Amino acid sequence: MASAEPGSEDAAEAEEAVYEAMPCDRTELSQRLAVEELIATEASYVHNIQLCVCDIRAHLQKKQLPELDLEGLFSNTDDILHVSRRFLKALEATAGQGQEQLHSISTLFQEFKEEMEAVYKIYCASYDHALQLVESYRREPRLQEEILDTLNATVPHTGASDLSFFLVMPVQRVTKYPLLLGKILENTPSSASAHSALQAAARAMAQVNANINEYKRRREVATKYNKAEHLTLRDRLARLNTHSIAKKTTRLSRLLMHEAGIVAKTEDKEYDDLEEKFQCVASSVATLKENVASYLGHFEAFLLPAPHRCDLQVDEGPALQHRRLSELLRGTVFPEFKRRVDRLVWQPLCSLSDTLEGPQQLVKKRLDKLLDYEEIQERKSELGSVSYEEEAAMNTYLAINDLLVAELPQFNRVAVQLLGQILRSFSALQLDLAAQVLHHAEKELEQLPHGHMPLPSFWKVVEDTLQQSGAQLRAFCQAFDTVTPSPGTEPLTPAEERKVLSLVSKHGPDKLYQVTSNISGSRDLDLTLLRGQIVALLQSADTKGNTGRWLVDAGGPRGFVPAAKLRPYSPAQVQQPGMDLLTLDSGTERRRHSYQFPEAPRPQVATFTPTFQVVAGFSFAARSPQEVTLQAGQPVLVLEPHDKKGSTEWSLVEVNGQRGYVPSSYLVTVPVREPAGWSLPV
C-alpha cells in the first residue's frame, strides 16, 4: 500500500493539471474565434457595401428614374466604403502576429475612430429619411417593380425584397464594434498585456456610438426648426393660443431687459464670432444675387430688338459698319454670354442662397431658445428644480447651440469658397466677353477711316467731335427755349383745391408740385396719378439714392413718382392794377399799429397777385374791440403776423375794411386759382 500511494498521487496531480490547463486553452480558443469573427464579419460587411454602391446604385442610375432620390437613399455610402476597405486591409494584416495581434487591433480602432465617427454619423442621421423614401417607393407599383428588378439582377443570392436590407447594414455595423471588442476582452485575462489596450478600444468605440446618437438628436432638432415656413396670416392666427402668447411675451420682455442692461446676456464668444461671419456671408450672397439679377435684367433689355434702327437709311460708311457689328454681337456673342452667366453664375448663386435659408432659420430659433433657456435657468436656481418640459426646452437650446458651433465653421468655409468661385467665374466670363467683342470689332475697325490712326490723335479727334456736337446741342436748346412757350398751371377742381389746402397746411407752399402727364405706377410703392394733380414733395430721392424717383404725398397715399413728370406748382401771374404792395417790417419799431394811409397818392404800379392767399380756416367771434370776427373760408389780409408785444400767437388782419386781431392758428394759406394758359415771354 505504501508503494502504491505515490503512484496514485502522481496520477491525481497529472489529472488536476489537465483540468487546470483546459480553461486556459478554452479561453484562448474563444479569444481567437472572437478575433476571427471580427475580421470575417468585416470582410462580409465590406463586400455587401460594395455590392450596394457598385452594383445596386449603379444599376438604378442606368435606369434614369427621376422619381428616385438616389442621394437620399444611399447618402455617403461611398465614404463608408472607402474607410471600411482601409480598415479591413489593416485588420487582415494583423493575422499571424501572435500575441501582438490584440495590440494591433486595439491600435487600429483608436486610429480609425475619428474617421468612423465622421462618416457614420452622417449616414445614421439621414437613415430615417432613407427609410421614408423606401416606404414611399413601396407604395408606387412601378418604382417598386424597378427596384425589385435591380435587386434580382444584381444580388439574387441575397434574397433581398427591398433596399432596406442593405441600407441598415452600416447602422448595424457601427453599433456592433463595441460588442465584438467586448467579446474579445471577455476572453482576454486581466493580467494579459493587451487587456488595457482592448479596454481603451472598447471605450473609444462606445464613445463613437454615443457621439453618433447625440449628433443624430441634434440633427432631428435642427430639422424641426430650420425649415423656413411661409405661413399666411390666417395660419399664423390659427397657431396663436394662450401658451404661445405667454411664451412670446416672456421672450420679448427678456429681450428688452437684455437691451436695457437689466439682466446680463449669456455670452458665447465662439458662437458670436461664427454667427458674425455667417451673417456677413449671407449679406454678401444676398447683395450679389440682387446685383446679378439687376445685371441680367438690364442685359435682357439690351438684347431686345430695336425696330427703329432698321428704319434708318444707312447704306455705307462708319454707321453701316457699326450697325453690322452690333447685329453680329446681338445675334451670337451676347446671347451666348447670357446663357453662360445664367448657368455658371446665376444658378449656383440661387442654390447657395437657398442653402443659407436653413442655417438662418436655425440661428433665429437659437435666439428664441436662448431666451427660454435663461428664463428657465433663473427659475431653476431659485426653486432648485424645473419641470420635464422645461428641462426639454433647455436641452433643445443646448442641442441647437452645439450643432451650430460644430457645423458653422465648415459651412462658412464652404460658402465662402463657393462664393469666391462664383465671382471668379463671373470675372472670367466678363474677360471672355471683352476678348470676343474685341476680336469681332478689330475686323470692322480696320475699315474705318481712323482705324490706323495713333491713339493720341484718335482721342483728339474724338474730343473735338464731342465739343462740336455739344456746342450744336446747346445752341439748339437755346433756340428751343426762346420759341417754346412756358407751360401754365393746370386748372384745379374744387376737390383738388381742398386737397391742396390740406397739403399746404402739412408741408408748406414751397413743397407743392403739379403732375405734367399721366403717371402709371409699375413698381412697388409707385403711385398712379393723373395729369394736373397736385402733390407735396417729401424726399427728392428713393431709398437707393436715385434722384429720378421722388417720394411725394398725394393728399392721402404716399409713394414714388418720376421726377421728370413734376413741376413746381406756380399759377400764372396776372396784373392787378389799383393795388399797392404792402411791406411788413418785423423790426421792433414797427410792432405798433399804423392805420394811416399815405398822405399823397402813389402812382399806380403793375403788381401781381401772390401765388397763395390767406383765408380763415375756422370761424372766430371777436370778444373785444381789438379783435375782429371771422367766418370760415373768408379771405383776410395779414397786416402784421404778431401782436404789439411781438407774440406770433395773434395776427393783425383786415377783413371787409375792419382791422383787428385774430388767433394765428385760425389762418391758413391756400393757392389762388387762376386760369391755365400759355404765356409768351415779354
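1. The model is predicted, and the protein chain averages a pLDDT of 79, with 81% of the residues scoring at least 70. Confidence is highest in helix H3 (residues 77-92), at a mean of 93, and lowest in helix H12 (residues 307-310), at 52.

2. Two stretches call for caution: the pLDDT is below 50 over residues 571-610, a stretch that has 45 contacts in the model beyond near neighbours in sequence, and it stays under 50 over residues 674-682, for which the model has 14 contacts beyond four places in sequence. Where pLDDT is low, the predicted coordinates should not be read in detail.

3. As for the overall make-up, the protein chain has 16 helices and 10 strands, and of its 682 residues 33% are buried. Among contacts between residues at least 6 apart in sequence, 70% join residues that are at least 24 apart. The accessible surface comes to about 42300 Å², and carbon and sulfur atoms account for 55% of that surface.

4. Leaving aside neighbours within four places in sequence, the residues in contact with Glu374 are Arg254, His258, Ala264, Lys265 and Thr266.

5. The structure holds 22 salt bridges, and one of them joins Asp78 to Arg57, with the closest N and O atoms 2.9 Å apart. This pair links distant parts of the chain, as Asp78 is in helix H3 and Arg57 in helix H1 (residues 4-63), 21 residues apart. Asp78 is partly exposed at 37% relative accessibility, whereas Arg57 is buried, at 15%.

6. A salt bridge also forms between Lys216 and Asp128, where the closest N and O atoms are 3.6 Å apart. Lys216 lies in helix H8 (residues 195-225) and Asp128 in helix H4 (residues 100-138), so the pair ties together parts that are 88 residues apart in sequence. Lys216 counts as partly exposed at 22% relative accessibility, and Asp128 counts as partly exposed at 34%.

7. The side chains of Arg340 and Asp432 meet in a salt bridge at 2.5 Å, N to O, which links helix H13, where Arg340 lies, with helix H14 (residues 388-445), where Asp432 lies, 92 residues apart. Finally, Lys63, Glu146 and Asp149 are linked in a network of salt bridges.

Conventions
Residues numbered from 1 in each chain as written. Predicted model: local features only at pLDDT ≥ 70, side-chain atom pairs only at ≥ 80, totals over all residues. Heavy atoms only, no water. pLDDT = per-residue confidence, 0-100. Helix = DSSP H or I, 4+ residues; strand = E, 2+ residues; numbered from the N terminus. Contact = heavy atoms within 4.5 Å. Buried < 20%, exposed > 50% of the residue type's maximum accessible area, 1.4 Å probe, protein only. Areas by Shrake-Rupley, 256 points an atom, 1.4 Å probe, with all protein chains shown as cover. Salt bridge = Lys/Arg side-chain N within 4 Å of Asp/Glu carboxyl O.
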